[in-house]
Amino acid sequence: GFKMYTVHHCDFNSTELKDIQYVLSYYYNKIEVTRFDSDVGKFVGYTEYGVKTAEYWNSGAYLTQVKAEKETVCQYNIGLDYSDV
C-alpha cells in the first residue's frame, strides 16, 4: 500500500528563536512532496501534487499555524533540553 507521513525537526545552535530552523516535510510513498522551512518562510512543493498543495497551504491559515510551531514546539523543547544540562 501507499503511505503518507510527516517528519519534522528543529536545527539549532542556541535557544534564541533566530538561531532555530524548523522543517516540516510531507512524504507520500517515500517521496518528499511538500516541505515547510522556517528559513524560507513558506511551503515548497517537489511534485505536481506537492506544488498545488504548497500553493493552497501558503494562502491560508495553515501557514500561520506552522510558522508558530517554530516557537511553540522547537524553542520550548530546546529550552527544556538546555535546562537539563
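UniProt positions are given here in the numbering of this model, feature names are shortened, and annotations may be inferred rather than shown by experiment. This is a predicted model, in which local features need pLDDT of at least 70, side-chain atom pairs count only at pLDDT 80 or more, and totals for chains, interfaces and linings use all residues. Residues are numbered from 1 along each chain as its sequence is written, and side-chain values use heavy atoms, with hydrogens and water left out.

**Stop 1: the annotated span.** Select residues 8-82, which an unreviewed UniProt entry lists as "domain: MHC class II beta chain N-terminal". The span is 44% helix and 33% strand, and its end C-alpha atoms lie 20 Å apart. Helices (H or I, at least four residues) and strands (E, at least two) are DSSP runs, numbered from the N terminus.

**Stop 2: the sheet.** Show the four strands, which form an open antiparallel sheet in the order E1-E2-E3-E4. Two strands pair if DSSP finds at least two bridges between them. Strands E1 (4-12) and E4 (42-45) are at the edges with a single partner strand each, so one side of each has no neighbour in the sheet. On average, neighbouring strands of this sheet are turned by 20° against each other, direction ignored. Axes are lines fitted to C-alpha atoms, for helices over the stretch in contact, and angles run from 0 to 180 degrees between N-to-C directions.

**Stop 3: E2 to E3.** Select residues 20-28 (E2) and 31-37 (E3), antiparallel strands joined by six bridges. Ser-25 has Arg-35 of E3 as its bridge partner. Move to the hairpin of E2 and E3, with two residues between the strands, where Asn-29 has a positive phi near 55°.

**Stop 4: E3 to E4.** Four bridges pair E3 with E4 in the antiparallel sense. Pick Arg-35 again: its bridge partner in E4 is Val-44. The hairpin here has four residues between the strands, and Gly-41 takes a positive phi near 90°. Five of the seven residues of E3 are buried, so this strand is largely enclosed by the rest of the structure. Buried means under 20% relative accessible area, exposed over 50%, partly exposed in between (1.4 Å probe, protein chains only).

**Stop 5: the helices.** Select residues 48-58, helix H1, which lies across E2, E3 and E4 and runs at about 165° to E4. Contact means heavy atoms within 4.5 Å. Then go to Thr-72 in helix H2 (residues 61-83). Is Thr-72 buried or exposed? Thr-72 counts as exposed because its relative accessibility is 52%.
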